[in-house]
Amino acid sequence: MYLTKLKSKKGFMAKFQIPLIPIRELVIFPNAVVPISIKRSKSVKALEDALVKDRKVLLVTQTVESIDTPSPEDLYLVGTIASVTQVHRLPDDVINILVSGEKRAQILKFVKEEPFFKAEVEEISETYIPDPETDTLLRTVVEQFKQCIALGKAVTVETAPAIFDLTDPTRTIDVITFNLDLKTAEKQQLLEALDFRTRLNRISEFLAREISILQAARQIQEKTSEEIGKMAKEAFLREQLKTIEKELGIKEEREEFSDLEKLIKSAKMPKDVEERAYKELSRLKRMPPFSPEVSYIRSYLDWLVALPWSKSSNSEINIKGAEKILNNDHYGLNKVKERILEYLAVQKLAGKSRGQIICFAGPPGVGKTSLGKSIAKALGRSFVRMSLGGIRDEAEIRGHRRTYVGALPGRIIQGIKNAGTKNPVFMLDEIDKVGIDFRGDPSSALLEALDPEQNNAFSDHYLEVPFDLSDVMFITTANMLDTIPAPLRDRMEVISFPGYTEEEKLYIAKDYLLPKQIEAHGLKEKQIKISQEVLKAIITHYTREAGVRNLEREVAAICRKVAKEIAEGKERASEIGKADLKKYLGPAKFEAWAIEKKDEAGVAAGLAWTESGGEVLSVEATLMPGKGNLILTGHLGDVMKESATAALSYARSKVADWQVPENFYSERDIHVHVPSGAIPKDGPSAGITMATALISAIAKVPIRREVGMTGEITLRGKVLEIGGVKEKVLAAHRAGLTTLLLPKKNEKDLEEIPEKTKKDIKFVFVESMDEVLKIALSQVPVKN
């Protein structure tokens, strides 16, 4: 090092502090524009500090190139103050910067070493005093460098103007020095040489040496060009290439390209995809490091090599084991489990199943999503869940084209990447809530992904190459099927989740929900005990749903309050009684429908289906003086109003057989009301209930209070088939009805009813209103 000499020389300016970046194998000179790659933590932090302030850094060369974490003793004490003109961040934490050298500077002391080097420095001012001898020496150096160029020395396009422009001799000499093929120590000597004439003499010596080498190389090349064999020529070119890469700092880039080639090869892509990947890699190699296209192509290649083109979960399917997992994770849902086991059996025998996509349809909280996780567990596959609720942009499904800034693949491809295998269980949640707007129709984009005949070549806009989704087990979930477009619904096999019975909810709460919440709240079983009777009270009076989500919330609310009492050190009984529910959960939120205390005319018990399960509704009819108007109240839909009109027409056609004046209708208004007026109601299944209530009110004959009914009515009094039988029967059982009138064609639906429920209820299947009236009315109206 040459520091002791420098300290005695003149030409130093004011002191100031500046971030310092150590560099290896390179000496930066003033007036040189150089690209540098930065990765070391201290260097990155020094750069960030400079960018926040004036973008100035001190670039100092290491004395030993092999040291990764240099100390102040490992650095020369003269460097170059440079301005950072460009910054380009790469995905692998490498930052490429373009710096422009400005002034020499000497380090006086290191102000700090952590988290980055910061030094107190003095600028070294350079003055050029023209005289004949110095001018002659300057022109000699310039001519020597021109001779080097003529002999084949490679220089950048920006170098030539600086050589021919002698208005700033110091700039000309610095540019020439930077372009010389010198060792690092020799360049550092020239950087530290402050006397202009001394520096010119040293440069002239180096140039003379380089001219001699170039001349010798040209002579040898001219004399022996025919004799040099292929191997010698390749070795010569390799050495030149190494030197070029070393000077330009592109060694790391070459290693990066080599790593990408290995990743592409190991990804085992289809042939056409692999060709596309190599084509993009070739483009990347030809691009300048600071081109904005570099990061786009690199991100694209990263996505291609990250996808599991050939990776799959190869677990053996065990039907009994899968059945055990499904039963352990979910109670009930036997029909659903049976269909899943059938799917697994076909896959085990055939090796691959390309059947329809399964759609779990049912009310919230019945276990659709969690059952998907259990299926993945039973299959030994990865599980991916994608929520479709509120998605309105087609690009969410199929991805953005790479022309857009920040483009990414669609969420299906992202999910496959996250799964790490090409055959995961992929759950598309809430498929009935997909929207549509000016950005496209996501449901149309799903058609290709969910079609077994097309999804073996699914096209994502970002990837622009086909990806095979045929091994993916797609499961969709929906609360309602009406909002799913018909072409999409046609591609799916719908498995209905009917909801849980009260007994099933009680079992789930006792064996699943309560233990889970006790553990989640840090409690022990001996600290809280909830009996079956209390759980049944919670189910009846604090929840009204087909699933168990709200039930779990109520159990969690009790556990929270118990945990609070224990944390406060309060004395309390471990067992929760029915009387404690008001304290923990507040007043009862729902009152169960109750059977009338006595038989009344004009009041019939009907059965309805809702998203949260079945309901029992009272249908009330009354007559009053008027002009023959039919008044309907209770927030009824159009179909239900039409059913009421049809029921009235049937009743009017039949009352002539009974002891009722023929003109009763013209002198009376008839009012039909269905309580719970705030809740919308619709559907044809209340037809026979309304007809029974009307005839009872007109004939003044009471209806048996323990009888419930459901069915659509025609003008001729025929009873037609309806849906939701299981839910309606369970609601009737909860309400305490003992006799149910159902359409004859619904007799087949009794297979889904639990055995205990069938024992407690008498089912009567009817085909006409005459049969309904015989059972529903306490006495048959007297005919004329």
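1. Helix H2 (residues 41-52) has twelve residues, which at 1.5 Å a residue should span 16 Å; its end C-alpha atoms are 17 Å apart, so the two agree. The expected span is 1.5 Å times one less than the number of residues. Helices (H or I, at least four residues) and strands (E, at least two) are DSSP runs numbered from the N terminus.

2. This is a predicted model: local features need pLDDT of at least 70 and side-chain atom pairs pLDDT 80 or more, while totals for chains, interfaces and linings use all residues. Residues are numbered from 1 along each chain as its sequence is written, and side-chain values use heavy atoms, without hydrogens and water.

3. The axes of helix H12 (residues 319-329) and helix H14 (residues 368-379), lines fitted to C-alpha atoms over the stretch in contact, come within 9 Å and cross at roughly 150°. H12 and H14 are therefore roughly antiparallel (angles over 145 degrees). Residues in this contact (heavy atoms within 4.5 Å) include Ile 325 and Leu 326 of H12 and Leu 371 and Ile 375 of H14.

4. Gly 435 lies in the loop between strand E9 (425-429) and helix H17 (442-449) and is buried, at 13% relative accessible area. Beyond its neighbours within four places in sequence, Gly 435 contacts Ile 391, Arg 392, Asp 441 and Pro 442.

Terms used. Buried < 20%, exposed > 50% of the residue type's maximum accessible area, 1.4 Å probe, protein only. Axes fitted to C-alpha atoms, helices over the stretch in contact; angles between N-to-C directions. Parallel < 35°, antiparallel > 145°, perpendicular 65-115°, else oblique.
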